[in-house]
Amino acid sequence: MNKRSRFIIILVVLAVCFAFLWPSISWYTRTPKDEQTLALGSLEKIKDYSTAKASEDVRSLKALARKDASAVLEPSYDYLVQAARKSYKADGKKAPEAMTVADVLSAFSSEAELLSVIESNYRDVVLAAKKRYTNSVKLGLDLSGGMNIIVHADLDAALASQSDSNAAIADPVQFKKDAMAQAIETLTGRIDKFGLTSPVVRQQGEDRIYIEIPGAADSESVNTLVMGKGILNFRLVDDNATQAFNLYYAQHAASTFAANGKLLDPSIIPADCEVMGLYTKDDYGLDERIGYLVVKKEIALDGQHIKSAQVTANNLNNQPQVTFELDGDGAVIFGDFTAAHVNENLAIVSDDKVKSYARINEAIRTGQVAISGFSVDEAQNLQKVLQTAWLSVPLEVESQQVIGASLGDQAIQQGVKALIVGLAAVLIFMLLYYKGAGINAIVAQILNMYIMFSVLSAFNLTLTLSSIAGMILTVGMSVDANVIIFERIKEELRAGKSRAAAIASGFDNAFWAIMDSNITTFIAAIFMSQLGTGSIQGFAVSLAIGVVSSVFTALVVSRLMFDFGTDVAHKQRVSISWRIK
């Protein structure tokens, strides 16, 4: 490989690594702390924040318009001015040169449209920060603080509770798998709703669930979420109140709800009702609010009466439908209720969210209920909601470890200090022992660390104390490649060869020795990363990355620096030893 090719390869690698590292740089150095806090919350928290802030801005703009309609908006509203100009253009109107607050407000057809534009701006800012975090190097529990919990799911107890349902226990193995999957999905939804930072919820073994929550988290609140049961019930929809509320909300979108989600004016709905969001699953499996329903506060039927639920095909039109079976008491309650409310809508409520609603066509007294009018995906989602009630898996916290944020900060400082001290000690030794050639080793080591962090960022890997330990070990091991090359060059110089010949022979003779040692280390690191878990895996991954990057810097970067001194600086001697002149 000639010098130009090596130089181009190095430039490409540095540029690509910078692109990989940029999200981490942006997140840790350019994103304000309050914005980080918002970005680390759940999507629901981000949506609530954006809606609340947008409502505040709309009220402020309307108040400003009443006070001084000719006032010019602050620069922070430039995005709104641009949206207003686009709106004028879309309506075939000419936008005023100097946009006043009155001009901006009149550009939007309704308050809901204005609210949507402002909310989108807040949402885009926070989601952009969330994307930077997603693409950056994460800090593990031992660095950022947080909590890990191991929960035992009593699948045998769940199976025993269904012993009176032949359909439920026809396949006990499949029943346990379904129960475990539903328990994990329910826990994930509850913890994410709590607004915690990027929680990890995964199955461990046959009947245990591992939960990892980085960042500050209140153990009592988390335990309540873990141990609590899903709240599922059926409520009657007040159709007239729903229609009136939606009309009111369309005209007063910014002044309907307070920041905590409560109605600012409770009198807009009947006293025996409450407003709940109507949700569906989006393409990512997250709850997405698509509207509001006004439902009765009184619960018509509690979800604990559901014995089983499944997706079937309607016998008449072969369309998907969800069928569920009620126990004896539930069948009586549901039969009386449906008989009294024929041709009214019944909402299925889970965790204070309306997951679906359907019209009561006739009295249902058999305990066998069929709900139709869904697509296949909608039917499957509704089945999962109903399963939350009947796949009741007793959960018990087996172990819980809390790592405080102060301990995390201390761990970061100690790890970074160890890395810097170790790197500095190695570089000082190389500079003193190998003189000018030691500068090549220093540059190679710095680029080695740069590449390692870039790769961690590119693959969204988590940085832990064990990962830092792997980096520190890599620093020492990567110097070994430079030592082998330098010693080979010294042997060639003692044999009387010129600078160019000694450098070429030194690198050629050292190549396979370096490759053999690093390949064996890389193989060991790969096996550890696949077979190990936790801290062992983090150590192995950082070691594997370091081995590859150290080979590149030693054989490509260091060689280019030597050749630069020979061909560009026209040096005749190699500053590599105190005993070789």
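## Model and confidence

The structure is a predicted model. Mean pLDDT for the protein chain is 81. A score of at least 70 is reached by 84% of the residues.

Helix α10 (residues 219-227) has the lowest mean, 56. Helix α11 (residues 239-251) has the highest, 91.

Six residues make up a nonpolar patch on the surface: Phe-7, Ile-8, Leu-11, Val-12, Val-16 and Phe-20.

Helix α1, spanning residues 3-30, contains Val-12.

## Gln-36 in helix α2

Helix α2 covers residues 33-39 and includes Gln-36. Is Gln-36 buried or exposed? Gln-36 is buried, because its relative accessibility is 11% and the cut-off for buried is under 20%.

Which residues does Gln-36 touch, leaving aside those up to four places away in sequence? The contacts are Trp-27, Tyr-28 and Thr-31.

## Aromatic pairs

The model has 17 aromatic pairs. One of them joins Phe-429 and Tyr-433. Their ring centres are 5.5 Å apart, and the planes meet at 15 degrees. The pair therefore counts as stacked, since the angle falls under 30 degrees. Both residues sit in helix α14 (residues 405-434), four residues apart, which means a separation of about one helical turn. Phe-429 is partly exposed at 47% relative accessible area. Tyr-433 is also partly exposed, at 35%.

Phe-507 and Phe-562 form an edge-to-face pair. Here the ring centres lie 6.0 Å apart and the planes stand at 75 degrees. Phe-507 comes from helix α17 (residues 499-531), Phe-562 from helix α18 (residues 535-567). The pair therefore ties together parts that are 55 residues apart in sequence. Phe-507 is buried, with 4% relative accessible area. Phe-562 is buried too, at 4%.

## The aromatic cluster

Where do these pairs lead? Ring pairs connect Phe-429, Tyr-433, Tyr-434, Phe-486, Phe-507 and Phe-562 into a cluster. The cluster includes the partly exposed Phe-429 and the buried Phe-507.

Terms used: Residues are numbered from 1 along each chain as its sequence is written. This is a predicted model: local features need pLDDT of at least 70, side-chain atom pairs count only at pLDDT 80 or more; totals for chains, interfaces and linings use all residues. Side-chain values use heavy atoms; hydrogens and water are left out. Patches are made of residues with over 30% relative accessible area and no salt bridge: like charges are joined within 9 Å, nonpolar side chains (Val, Leu, Ile, Met, Phe, Trp, Tyr) within 5 Å. Accessible areas come from the Shrake-Rupley method with a 1.4 Å probe; for residues, only the protein chains shown count as cover. A salt bridge is a side-chain nitrogen of Lys or Arg within 4 Å of a carboxyl oxygen of Asp or Glu. Helices (H or I, at least four residues) and strands (E, at least two) are DSSP runs, numbered from the N terminus. Buried means under 20% relative accessible area, exposed over 50%, partly exposed in between (1.4 Å probe, protein chains only). Contact means heavy atoms within 4.5 Å. pLDDT is the predictor's confidence in each residue, from 0 to 100. Rings of Phe, Tyr and Trp (its six-membered ring) pair if their centres lie within 6.5 Å; planes under 30 degrees apart count as stacked, over 60 as edge-to-face and the rest as tilted.
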